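Here is a short briefing for a first look. Keep the sequence and the model in view while reading.

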Amino acid sequence: MKIITIARPRVLDIHGQRVLDIRHRYTNDRIISNPRAAIVAIAIHHDGVAMANASSPTDELARLDAIYNHAAQQDWLRFPYPFVVFPNGRTYYTLNLNHQPSQLAGRNHKTRGVAIAGNYMTRRPSNQAICGAATAILTTYAWSRAIVPIGKHADLALPAYPTSCCGNSWPSWAKDLHAAVLARYTAP
Ligand SMILES: [Zn+2]
């Protein structure tokens, strides 16, 4: 898979799927690099906070800034997830894939992740959000040069760190996320 970077605006175009690259917005020095060969899974998250289906880029950046500030207050690494997807499908690249996320206690050095803004305890994410998450997963695969399993945060968490993330609706849309990844894949 070829990733084309366009200088301005910073948009990654992956076979027509757009990812908005805002890594330059979050630049504190709390970073650790991990080798791509170490990655064994991609964790799917929600942020657990209700999110309207119609959001503007201004709303979204405010939400992302809040996630960044919360992480900084916890003394976590720069940004918790490499990607955050909104219900309208807009997908942001927030943390360099080389950099360790803060998303899966004890396993961050060997996983990457995608967060979907919203709360999916009872209702599933929009189809647009599922498609955006698929694009983020394919971007991760292009970086890691390997197909690794996709899992619910709760299923990948160590027993000492139980969670319900990414919500109890996961069984109703996991297969759709996998199908969306396959549908977007194009051989190089
Ligand atoms: Zn999570």
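**Leu104 and the loop between β6 and β7**

Leu104 lies in the loop between β6 and β7. This is a predicted model. Leu104 counts as buried because 25 other C-beta atoms lie within 10 Å, and 20 or more are needed.

- Leu104 and Ala154 are 50 residues apart in sequence. Their C-alpha atoms are 9.1 Å apart in space.
- Beyond its neighbours within four places in sequence, Leu104 is in contact with Ala43, Thr111, Gly113, His153, Leu156 and Ala157.
- His109 is also found in the loop between β6 and β7. His109 is partly exposed, with 14 other C-beta atoms within 10 Å.
- His109 and Ala38 are 71 residues apart along the chain, yet 7.4 Å separates their C-alpha atoms.
- Ala38 is one of the contacts of His109, along with Asn34 and Gln100, once neighbours within four places in sequence are left aside.

**The pair α2 and α4**

- Helix α2 covers residues 127-144, and helix α4 covers residues 174-184.
- How do the axes of α2 and α4 cross? They come within 8 Å and cross at roughly 60 degrees.
- The two helices are therefore oblique to each other.
- The crossing of α2 past α4 is right-handed.
- From α2, the residues that meet α4 are Ile130, Cys131, Ala133, Ala134, Thr135, Ile137 and Leu138. From α4, they are Asp176, Leu177, Ala180, Val181 and Arg184.
- By type, the residues of this contact are nine nonpolar, one polar and two charged.

**The largest nonpolar core**

- The largest nonpolar core has 40 residues.
- Which members touch the most other members? They are Val85, Val114, Ala133, Ala134 and Ile137.
- At least two residues of this core come from each of β4 (41-46), α1 (57-73), β5 (83-85), β6 (91-93), β7 (111-116), α2 and α4.
- Helix α2 gives the largest share of this core, eight residues.
- Ile137 is in contact with Ile42, Val114, Ile150 and Val181, leaving aside its neighbours within four places in sequence. Val181 is also among the α4 residues in the contact with α2.

**Contacts between residues apart in sequence**

- Ile67 has its place in helix α1. Ile67 is partly exposed, with 19 other C-beta atoms within 10 Å.
- Ile67 and Pro80 are 13 residues apart in sequence. From C-alpha to C-alpha, they are 7.7 Å apart in space.
- Leaving aside its neighbours within four places in sequence, Ile67 is in contact with Pro80 and Asp47.
- Ser126 sits in the loop between β7 and α2.
- Ser126 and Phe86 are 40 residues apart in sequence and 9.0 Å apart in space, C-alpha to C-alpha.
- Not counting residues up to four places away in sequence, Ser126 touches Asn53 and Pro87.

**Backbone points to check**

- Where is the cis peptide bond? This bond joins Cys165 and Cys166, and its omega is about 5 degrees.
- Cys166 is found in the loop between α3 (153-156) and α4.
- Asp75 is not a glycine, yet its phi is positive, near 65 degrees.
- Asp75 is found in the loop between α1 and β5. Asp75 counts as exposed because it has 8 C-beta neighbours inside 10 Å, and the limit is 12 or fewer.
- Arg145 has a positive phi too, about 60 degrees, and is not a glycine.
- Arg145 is found in the loop between α2 and β8 (150-152). Arg145 is exposed, with 10 other C-beta atoms within 10 Å.

Notes: Residues numbered from 1 in each chain as written. Predicted model: local features only at pLDDT ≥ 70, side-chain atom pairs only at ≥ 80, totals over all residues. Axes fitted to C-alpha atoms, helices over the stretch in contact; angles between N-to-C directions. Helix = DSSP H or I, 4+ residues; strand = E, 2+ residues; numbered from the N terminus. Parallel < 35°, antiparallel > 145°, perpendicular 65-115°, else oblique. Left-handed = near helix turned anticlockwise from the far one by under 90°. Contact = placed C-beta atoms within 7 Å. Nonpolar A, V, L, I, M, F, W, Y, C, P; charged D, E, K, R; others polar. Core = buried A, V, L, I, M, F, W, Y, C linked by C-beta atoms within 7 Å.
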